Amino acid sequence: MTTNIDTELRERVAGRVCALLPRFVRDELTDVSEQTRLIELGLTSASTLELLLTIEDELEIQIDVEEFDEQHVETVGTLADYVAGHAVRF
Amino acid sequence: MIALEGVATYLPEHQVPIDDVGQQLGLSAMQVKVFKRFHGLAEIRRDPESTLLDLLLASATRLEALRGREHQVKYVIYARAIPVGVPFPANPLHELCHKLGLDRAVGFTVTQQACASGLQALDVADKLLSGDPDPDALALLVAGEKTFTAESQWLPETSIFGEGSAACLISRGGSRDRLLSYAARQRGELDGEHADVAAEFQRGYHNSIAEIILAAVERAGLVLDDIGLILPHNVNHVSWQRVCRRIGFPQAQVVLGNVARYGHVFCADAFINYETARDRLRPGDRYVIAAAGAGRGATYSAMVFEH
């Protein structure tokens with residue numbers, strides 16, 4: 001279920017993550033970008049998984065989470081890399 | 001070191017889908033979806049009509065190894081994840097001892113290590129039997145809890161508990177399922193309300209479980225390639241996927257099928273997984289039992305056994 005990184009998809013994922021983050025973290029966010037460090041925002045394990053499911057629904061993709069791990073949630077950018085590299089479009 | 005003379009388990013027939021549990025707990029559709037999709041949960045078992053005594057007796061009365069040896073049982077140890085299971089002055093453990101004819105046994109509960117209390121109970125049995133002047137003395141471990149409070153029904157963001165029970169007869173120096181090593185680590189700084197310590201607990205969880213499994217294997221004088229199976233606590237799939245990656249252990253050799261069938265059955269998981277895996281174990285095979293306890297501190301434990 002994995003694909004090579006689809007750059008167009010990656011850009012869309014990064015954009016959606018930036019837009020969705022305020023819904024999943026407690027603190028008020030400003031200047032969210034690909035460099036924003038997700039761990040420092042206090043994004044919990046469950047919130048991260050809910051974020052992935054929301055991206056799946058919005059972009060109509062399915063994400064293979066078999067290899068999903070902590071290093072993929074370092075930043076918005078690393079998360080977008082993982083999703084785009086492990087997604088299948090419907 | 002102890003040996004496991006026999007194991008028996010009981011799972012209630014009544015199946016409750018995770019969607020129904022989520023509705024009862026007031027979980028959002030997204031929370032339920034995470035439990036099903038990533039954590040591998042599908043349903044749990046409950047028996048609304050049975051008491052805690054019924055639940056524990058259901059497995060203890062199936063323990064064939066106990067029949068005819070009741071007089072040898074000196075210790076009955078109840079491994080509980082959640083400290084309080086019944087209101088005062090009810091004491092199902094003492095009733096259990098009486099109904100099983102274990103009138104020579106001292107019965108008590110170990111609960112300080114939450115879901116790792118099963119391994120704590122095995123270690124306590126090891127110490128008690130080693131110090132007992134009677135070489136034929138036995139210990140009976142029982143595990144299983146009723147999911148009758150919110151705290152006993154789910155661990156937020158982590159798992160959903162199910163009802164079931166296990167009974168294990170333990171001897172000193174037996175020839176089957178011999179304990180080779182035990183390693184445990186406690187993090188007292190995680191003693192706090194779940195909401196306050198959950199993030200810190202989650203951050204360190206996979207590395208801590210990985211480290212303790214490797215420590216137990218090393219303590220047994222073995223390497224990870226010597227281990228045939230891991231019998232996990234059935235907390236969820238995603239955490240064990242990550243632990244396997246960290247230690248380089250094949251996920252197919254972690255007995256995870258019962259997560260979907262039964263959920264997390266407190267301290268009984270290891271024994272339920274043992275019964276499932278029994279056909280896969282040959283004499284001489286080494287396996288690991290591992291568990292973590294969350295709440296009032298964290299405990300990470302692992303034991304290596306030889307079948």
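Leaving aside its neighbours within four places in sequence, A14(A) is in contact with E34(A), V76(A), G77(A) and A80(A), where contact requires that the C-beta atoms of two residues, placed from the backbone, lie within 7 Å. These values come from a predicted model, in which local features need pLDDT of at least 70 and side-chain atom pairs count only at pLDDT 80 or more, while totals for chains, interfaces and linings use all residues. Residues are numbered from 1 along each chain as its sequence is written, and chains are lettered from A and ligands numbered from 1 in the order in which they are written.

A14(A) belongs to helix α1, which covers residues 7-24 of chain A. A14(A) counts as buried because 20 other C-beta atoms lie within 10 Å; the term asks for 20 or more such atoms within that distance, with 12 or fewer making a residue exposed and anything in between partly exposed, and C-beta atoms placed from the backbone. Between A14(A) and E58(A) there are 13 Å in space, C-alpha to C-alpha, although the two are 44 residues apart in sequence.

Turning to the whole chain, chain A has three helices and two strands, arranged along the sequence as α-α-β-α-β; helices (H or I, at least four residues) and strands (E, at least two) are DSSP runs numbered from the N terminus. Of the 90 residues of chain A, 31% are buried, and among contacts between residues at least 6 apart in sequence, 72% join residues at least 24 apart. The C-alpha atoms of chain A occupy a box of roughly 35 × 25 × 20 Å along the principal axes.
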